[in-house]
Amino acid sequence: TTDSLPFLAPTNLIVSNSTNSTATFGWTVAGVETLWDLHVWSPATGYDSIYTMVTNPVNVGGFTAGVTYNVAVRALCGNAQNIEGEWSDTVTFTGATCPTITGLASSNVTDHGATLTWNAVANAQSYRIIYTVFGASDSVDALTNSYTFTGLQPTTAYQMRVLQDCTLDSLGFSDWAETVFTTDSLS
């Protein structure tokens, strides 16, 4: 038996360089085709788009961080490239997210200071710490997974929230991790 369509389905569809809004798609061409339809859909969100592509691999945008998508590709064939080939196998990918930090804890709490630590995140660029006292907030940035506060008010409750900055990787910011501690009274 022979395939009734002029071109076979592309093979080895891969998804790479996924960010919170883009992904790169590449595949093995089954013949000499030079135009393809890339179908991307997500049953969870109702997202459903077909992109006509003239390059392979190709970078496509418009995705949402944390959402799972399906993707398949097919060749467009014929003299006017108006004959649709078979779809490739479906591949699933998830829009990348900036991981939330874990293990947030306070230690060495004194009347005027405290140390905040958390588990290091691989390839973290920086962390943002928002601290709130008496209803007012301020922030500091940290380049490592630890920050020592000085000059705090004695016998005061501090709310500490920490997030990871992944903007250099186009992943935005992580969700907040939070802890609360109260400084000691003056000795």
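Modeller: Residues are numbered from 1 along each chain as its sequence is written, and side-chain values use heavy atoms, without hydrogens and water. Because the model is predicted, local features need pLDDT of at least 70 and side-chain atom pairs count only at pLDDT 80 or more, while totals for chains, interfaces and linings use all residues.

Colleague: What makes the pair of Tyr158 and Phe181 stacked?

Modeller: Rings of Phe, Tyr and Trp (its six-membered ring) pair if their centres lie within 6.5 Å, and planes under 30 degrees apart count as stacked, over 60 as edge-to-face and the rest as tilted. The centres of Tyr158 and Phe181 are 5.9 Å apart and their planes are at 25°, so the pair is stacked. Tyr158 lies in strand 14 (residues 157-165) and Phe181 in strand 15 (residues 177-182), 23 residues apart; strands are DSSP runs of E, at least two residues, numbered from the N terminus.

Colleague: Are Tyr158 and Phe181 buried or exposed?

Modeller: Both Tyr158 and Phe181 are buried, where buried means under 20% relative accessible area and exposed over 50%, partly exposed in between (1.4 Å probe, protein chains only).

Colleague: Which core includes Tyr158 and Phe181?

Modeller: A nonpolar core is a set of buried Ala, Val, Leu, Ile, Met, Phe, Trp, Tyr and Cys residues joined through side-chain atoms within 4.5 Å. The largest one has 20 residues, with Phe25, Trp27 and Leu38 among those with the most contacts inside it. Tyr158 and Phe181 belong to a second, separate core of 19 residues, which also includes Leu104 and Ala142.

Terms used
Helices (H or I, at least four residues) and strands (E, at least two) are DSSP runs, numbered from the N terminus.
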